[in-house]
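Here is a chain to read alongside its coordinates.

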Amino acid sequence: MKRSRALTLVLMAPAPLLLAGCDSAPEETLRKGFYTDVAACEKDGNAADVCQRALDNATKANEANAPKFKTKEECIAEFGDLCRERVVHDGASQSSMWTPLMTGFLISQLMSPRYPAGYYDVAPIYRFRNGQYTQYGDERGSGLGGAASGGGSTARSYRSVDIAPNRAVTVSRSGFGSVAAARSGWGGSSSSSSRGSSSGG
C-alpha cells in the first residue's frame, strides 16, 4: 500500500509544473503604426527594409483597390483636392476615373518570441475632406483585398484610422488562437461607411 501511494504522488507531481509553464508563456502583442513615409516609419524604431517593403505593398494595394469615382467632382466631395485622374485602357478603347491620393500606410506587426520580426500586414491610408484618416478594404481588413488572393469582386468599405500620424499603438494578444485574432483584428475600428466608389471599387 505504501509503495502504491508513493507512486501515485510521483505521477501527480508534474501537473502543477505544467500548469505553471502555461501561465508563464510570453504574451503576444500586435503593434500597429500609421506612417506618412518611410523616414517616419524608421524614426519610430522600425527596420529600414521593413518600412520600404510595407510602403511598396501599400502602393500596390492602392493601385489595385483604391476607391474609384466616375467624376472629379464626386472624388473632391469626399477627399477634397487629394484626388487624381487615372486612365484605364481596355483593349483599343480607354476611359478615365478619379481616385484619392494615398496619404500614408498602416503597418501591423506581430511581436512574439516565436516569430521572426517583420511586418504582418499593411494597408494604404487616405484622408477625407474633413481631415479624418481612413483605410479602404474588404471585411478581412486587408488593403490588398482581392488582389492579394487573386479573387474577383469583393465588397469593400471605409474604416476609420484612430492612430495619430507617425505613431504606433500596441494591442495585447493572449491565449489560444491569438495569431488568428491578430490577422482579423488589425486596422482601427471597423465601422462601415455609406461613402463609396460610385463606379465600384
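Q: Does Asn62 count as buried or exposed, and at what relative accessibility?
A: This is a predicted model. Buried means under 20% relative accessible area. Asn62 falls under that cut-off, so the residue counts as buried, at 5%.

Q: With which side chain does the side chain of Asn62 make a polar contact?
A: Leaving aside neighbours within four places in sequence, Asn62 is in contact with residues including Arg84, Arg86, Pro100, Met102 and Pro124. Its side chain also makes a polar contact, at 2.8 Å. The partner is the side chain of Tyr126.

Q: In which helix does Asn62 lie, and how far apart are the end C-alpha atoms of that helix?
A: Asn62 lies in helix H4. H4 has 18 residues, 48-65, and at 1.5 Å a residue they should span 26 Å. The model agrees with this, because the end C-alpha atoms of H4 are apart by 26 Å.

Q: Within what arc do the buried residues of H4 fall, seen down its axis?
A: The buried residues of H4 are Val50, Cys51, Ala54, Asn57, Ala58, Ala61, Asn62 and Asn65. They line one face of the helix, so seen down the axis they fall within an arc of 145°. An α-helix has 3.6 residues a turn, so residues three or four places apart point the same way. For H4, the arc is 145°.

Q: How many bridges join strand S2 to strand S3, and which residue in the turn has a positive phi?
A: S2 covers residues 83-90 and S3 covers residues 93-100; the two run antiparallel, joined by 8 bridges. S2 and S3 form a hairpin with 2 residues between them. The turn residue with a positive phi, about 70°, is Gly91.

Q: How far apart in space are Glu28 and Ser172, C-alpha to C-alpha?
A: Glu28 is placed in strand S1, residues 28-35. Its relative accessible area is 2%, so Glu28 is buried. Glu28 and Ser172 are 144 residues apart in sequence, yet in space their C-alpha atoms are apart by 6.5 Å.

Q: Among contacts between residues at least 6 apart in sequence, what percentage join residues at least 24 apart?
A: The chain has 7 helices and 8 strands. Of its 201 residues, 38% count as buried. Among the contacts in question, the share that join residues at least 24 apart is 67%.

Key
Residues numbered from 1 in each chain as written. Predicted model: local features only at pLDDT ≥ 70, side-chain atom pairs only at ≥ 80, totals over all residues. Heavy atoms only, no water. Helix = DSSP H or I, 4+ residues; strand = E, 2+ residues; numbered from the N terminus. Expected span 1.5 Å × (residues − 1). Buried < 20%, exposed > 50% of the residue type's maximum accessible area, 1.4 Å probe, protein only. Arc of directions from axis to C-beta. Contact = heavy atoms within 4.5 Å. Polar contact = N/O pair within 3.5 Å; in protein donor to acceptor, adjacent residues only side chain to side chain. Pairing = 2+ DSSP bridges.
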